[in-house]
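Colleague: Could you walk me through how to read a few features of a model like this one? Let's have it on screen first.

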Amino acid sequence: MTNIKAVIIFFSLAVLIGPADAQNSSALKLWYDKPSGDTWENALPIGNGRLGAMIYGNVGKETIQLNEHTLWSGGPNRNDNPLLFDSLAAIRKLVFDGKQKEAERLANKVLVSKNSQGQMFEPAGEIHLSFPGHDDYSNYYRELDIERAVSKTSFTAGGIAYTREALASFPDRVVVMHLTASKAKSISFIATYSTPQPGVKAATTASKQLIFSATTIDHEGVKGMVRYKGIAEFKATGGTVTATDTSIIVKNASEVTIYISIATNFNNYLDLGGNENERAISFFNKARVKSFSTILKAHVAAYQKYFNRVKLDLGTTEAVKLPTNERLKNFSSVNDPQFAALYFQFGRYLLISSSQPGGQPANLQGIWNNKLRPAWDSKYTININAEMNYWPAEKTNLSELHEPFLQMVKELSVAGEQTAKTMYAARGWMVHHNTDIWRATGAVDGAFWGLWNQGGGWTSQHLWEHYLYNGDKNFLQSVYPVLKGAATFYVDFLVEHPTNHWLVINPDESPENAPEAHQGSSLDAGVTMSNQIVFDVFSSVIKAAEILHKDAAFADTLIQMRSRLAPMHIGQYGQLQEWLDDIDNPKDNHRHISHLYGLFPSNQISAYRTPQLFMAAKNTLLQRGDVSTGWSMGWKVNWWARMLDGNHAYKLIQNQLTPLGVNKGGGGTYNNLFDAHPPFQIDGNFGCTSGIAEMLMQSADGAVNLLPALPDAWQEQGSITGLKTIGGFEIIQMEWKNGQVKKVVIQSSLGGNLRLRVPNELSLTGMNLKPASGKNSNPFFQVTETPDASISPKATIALPKLRATILYDIKTTPGKKYTLVAK
C-alpha cells in the first residue's frame with residue numbers, strides 16, 4: 001500500500017511539474033517554451049569577453065548572430081576642434097551674463113569637429129542552420145544556464161528528441177554549438193552565412209569550412225580599417241559533410257559540433273598591425289581538435305571561477321515554475337523573490353561574458369549587436385552609461401573584470417591630453433560625453449550634449465574605487481599620473497564665479513537636461529554634478545598623494561581650491577538643486593538626475609553625516625518620479641538603496657522588471673531580460689545588479705552596513721555570499737531572518753579596523769565585541785567631509801527618521817575570518 005501511494009505521489013508531481021520544469025532543475029536559468037522567432041531581443045546571449053553570440057533557438061532555421069569585441073567601424077582618428085578655445089572666453093561671458101542660448105549657438109559653431117562623431121560597434125554576421133522536416137515539433141524548451149554559461153534548445157520532431165547546446169568558450173576563444181539526437185543519423189541541415197556588412201567575402205573551403213572576411217565600413221569620413229576573418233567548421237559523427245560555393249550541407253549525422261573562430265587585426269587604439277588570418281586560424285586549430293565535452297568542462301571551470309564567488313538566496317515560490325517571459329509579465333503583481341535573485345546574477349553573467357581582462361570594455365550593448373548602425377553607435381557614453389556598466393564589478397566580486405574599463409581610462413588619459421590642450425588650453429587630460437574604441441576625446445552630437453566636459457573626472461574615479469576595494473599600492477602608484485592629470489585639468493579650467501566667487505566649471509551642463517529658465521539650453525556654470533565630480537577628483541588625488549608620499553605642494557593646491565568649490569544647494573521646493581540657481585521644476589521627470597551623483601555612486605550625501613542634503617536628495621527623487629527609461633530606473637534602485645528605503649528600491653526593481661510597453665512613457669525589460677531604454681542598453685542590467693547589492697550591503701559611508709535597505713518582500717529570510725567591501729573585506733556568508741542578521745562571516749584581506757553597522761545585536765565568536773567610537777581608524781573608510789549646504793529660506797527640510805542601528809568595531813588581521821551571530 002505504501003509503495004502504491006509513493007507511485008501515485010511521484011506521478012502527480014511529474015504531471016504538476018511537466019517536461020519543461022523537469023529540465024529546469026537549476027534556479028539560475030532563463031527558460032522559455034517558445035522559440036525566439038525573428039526577434040533579436042528574444043534570443044539568448046553568450047559571450048567570452050572577445051566573442052559574443054545571440055542564440056535564437058528556432059527549430060527549422062536556427063540563427064547564431066555573432067560579434068567580436070574589436071570589430072568597429074573606422075580606424076585611428078582624432079575629433080578635437082581647436083576652434084573652441086578662440087571662442088571660450090566669449091562663451092563663458094555669455095553664460096555668466098545669463099545668455100545661455102546665445103552661448104549654445106556660439107558653441108555649436110566651434111565645438112564639434114567636422115571629423116568623426118564617434119565610430120560604431122559592428123556585427124560580424126550570422127550563421128544560419130536550416131533543418132528540413134522540422135516544421136512540426138513538440139516538447140519545445142530553451143534555456144540559458146547562467147551557472148554554466150551554456151544555452152540549450154531541445155524539442156521533438158518526427159518522434160526524435162533533438163538537443164542543441166551553445167557556449168562561447170573562455171579558454172578556447174571560440175563559439176561552439178553541439179547538436180545531438182536520440183536516434184542515430186538523424187541530424188541534417190544546410191549552413192549558410194549572412195551579414196549586413198557590405199563587401200564581405202564569404203565562401204567554403206576544400207576542407208568544408210565556411211569562411212568570411214572583410215574590412216569594416218567607413219563612417220563619417222573615417223576610413224574603415226579593421227580587417228576581420230571568421231571560420232566555421234562542422235564536425236559530424238556519422239553521415240556526410242559536403243559543400244557548395246556558399247553553404248555547408250550536413251546529412252544523416254548522429255551528432256555535430258560547430259566551431260566558430262573570429263579575429264581582427266586590432267592591437268590597440270593606435271595599432272592595427274595584427275594578422276587577423278593567423279589569429280582566427282590559431283584559435284580555430286587549437287579548439288577544433290577538442291571534443292565538445294572537453295571544451296565544455298574547461299569553459300565551465302573558467303566561468304565559474306568568477307560566477308561562483310557570489311550566491312544569493314532570497315527564497316523561492318511557485319512562480320519559478322513559469323517560463324521567464326511569464327515571470328517577467330507577472331513580477332510586479334506576485335511574490336517571486338527568486339526572480340530578483342536571478343536578475344541580479346544575470347547582471348553578473350553579462351559582465352563576465354562581455355568584459356574580460358585584456359579585452360575591450362562592455363559597451364552600450366555589452367558585446368551584443370546585430371545592427372550595422374546601432375542606436376547611439378553602441379559606443380561608450382560616459383556621462384553615465386559606461387560607468388554604470390562597471391558599478392557591480394568591485395562589490396559583486398568581479399574586480400578583475402573592471403580591468404578593460406580601467407585600461408580604457410588610462411588610454412583616454414593619453415588621448416585626452418591633446419584635447420585638453422587644443423580645445424581648452426589646459427594641462428592634464430579630459431574627455432567629453434562619448435568615446436569609442438579609438439579613444440576619441442573630442443565633443444560629439446552638439447553643444448546641448450557634447451559640451452559636458454567631466455568624462456575624464458568621472459571615469460578616473462573608477463581607478464580610485466579599484467584601489468579602495470583592493471588596497472594595492474603598486475596599482476595606485478601606476479595610475480596616480482592618470483588621477484593627477486584629471487585633477488590638473490580642473491586646476492587650469494576652473495574659473496571664479498563673478499558674483500559668488502566660487503570656483504566653477506564654465507561652460508558646463510547637467511547631462512542632457514535643460515531648465516526652462518535657460519530657454520531650452522543646457523549650458524550653465526557650476527552645475528551641481530560637476531561640482532561633485534571635481535570635489536571627488538580633488539579629494540582622491542589629495543589622499544593618493546598622501547598615501548604615496550608625493551606631490552605635497554600639488555595636494556595643498558587642491559586642498560585650497562577644493563575649499564572654494566560651490567557647495568550643494570537646497571532649493572525652494574526642498575530639492576537638491578541641479579543648477580546653482582534655484583530654477584528646478586518640481587514637475588520635471590527627466591531621465592537624468594545627474595545631481596544625485598553625490599548620493600550614488602559618490603558618498604558626499606549621507607543619511608548619517610549630511611541629513612539635510614539627504615532629505616533634499618529624497619525630495620528630488622520623489623519629484624522626478626519612478627518610471628523612466630530602463631537604465632534610469634536601474635540608477636534609481638541604487639539611489640533608493642542609499643536612501644535606506646528598501647521598499648522603494650524594490651518598487652523600482654518591479655518597475656524595471658516589467659515587459660516593455662507596460663510602463664507608460666518609460667522603459668522596462670525584454671523577454672531575454674535585456675534592459676530596455678528602449679532600445680536595448682545593457683547599463684540598466686548592470687545598474688540594477690549594483691542596486692540589489694547596495695540593498696544588502698553598503699560600505700561607502702565609513703562603515704560596512706549590513707541589510708541597509710532590505711525590503712519587506714525579502715525580510716523573512718535569505719542569504720548571500722561573496723560580496724566585497726571597501727578596505728578589502730569579503731562577506732563570506734551572511735544569513736538573515738525577519739529582517740535581522742542571523743549570522744555573518746567576514747574575511748579581512750588587508751587587516752585594519754572593521755566597522756560594522758547592523759540592525760540587531762551580534763556576538764563575535766572567540767572575541768569581545770566592542771561598540772564603535774570616534775572616527776573609523778581604517779584609512780580606506782575615511783570619508784571627506786562634505787561642505788555645508790546652502791539652503792533656500794523658502795525650503796522646508798525635515799530631518800530623516802532612521803531606523804536604529806548598532807555600530808561595532810573589530811580589529812582585524814589579514815587573512816583571518818570573523819564570525820558574528822545574533823544574540
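What follows is a chat about a pocket, a helix and some strand pairings.

Modeller: One thing before we start: this is a predicted model.

Colleague: Fine. Let's take pockets, then. What is the volume of the second largest pocket?

Modeller: The general idea is that rolling a probe the size of a water molecule over the atoms shows where empty space is left. Here, the second largest pocket comes out at about 350 Å³. Its lining is made up of 25 residues, and those nearest the centre are His-69, Thr-70, Phe-266, Asn-267 and Gly-358.

Colleague: Which elements give two or more residues to that lining?

Modeller: Strand E4 (61-72), strand E16 (255-264), helix H4 (276-288) and helix H10 (403-424). H10 gives the most, with five residues.

Colleague: And how does the lining of the second largest pocket split by class?

Modeller: You get nine nonpolar, nine polar and seven charged residues.

Colleague: H4 came up there. How do I check its length, and what span should its 13 residues have?

Modeller: Count 1.5 Å a residue, and the 13 residues of H4 should span 18 Å. The C-alpha atoms at the ends of H4 are 18 Å apart, so the two agree.

Colleague: Which residues of H4 are buried?

Modeller: Glu-276, Ala-280, Phe-283, Phe-284 and Ala-287 are the buried ones. They cover an arc of only 95 degrees around the axis, so they sit on the same side of H4. Look at the other side of H4 and you'll find Glu-278 and Lys-286, which are exposed.

Colleague: Now the strands. What should I keep in mind about side chains?

Modeller: In a regular strand the side chains alternate between the two faces of the sheet.

Colleague: In what order do the five strands of the open sheet come?

Modeller: Read it as E27-E28-E33-E37-E35, with mixed pairing. Its edge strands are E27 (697-698) and E35 (770-771), each of which pairs on one side only. E27 pairs with E28 (residues 704-706) in the antiparallel sense, over two bridges. As an example to click on, Gln-698 has Asn-705 in E28 as its bridge partner.

Colleague: Which strand does E32 join through five bridges?

Modeller: That's E38 (residues 817-822), which runs antiparallel to E32 (residues 740-748). Within E38, Val-821 is the bridge partner of Lys-743. E38 is also joined to E34 (residues 762-764), by three bridges and again antiparallel. There, Leu-762 has Ala-822 of E38 as its bridge partner.

Definitions and conventions: Residues are numbered from 1 along each chain as its sequence is written. This is a predicted model: local features need pLDDT of at least 70, side-chain atom pairs count only at pLDDT 80 or more; totals for chains, interfaces and linings use all residues. Side-chain values use heavy atoms; hydrogens and water are left out. Two strands pair if DSSP finds at least two bridges between them. Helices (H or I, at least four residues) and strands (E, at least two) are DSSP runs, numbered from the N terminus. On a 1 Å grid over the protein atoms alone, a cavity is a set of points where a 1.4 Å probe fits but cannot get out, and a pocket is an open set with protein on both sides within 12 Å along at least five of seven lines; lining residues have an atom within 4 Å of a point. Grid points are joined across faces, edges and corners, and a volume is the space filled by probe spheres set on the points. Ala, Val, Leu, Ile, Met, Phe, Trp, Tyr, Cys and Pro count as nonpolar, Asp, Glu, Lys and Arg as charged, and the others, Gly among them, as polar. The expected span of a helix is 1.5 Å times one less than its number of residues. Buried means under 20% relative accessible area, exposed over 50%, partly exposed in between (1.4 Å probe, protein chains only). The arc is that of the directions from the helix axis to the C-beta atoms.
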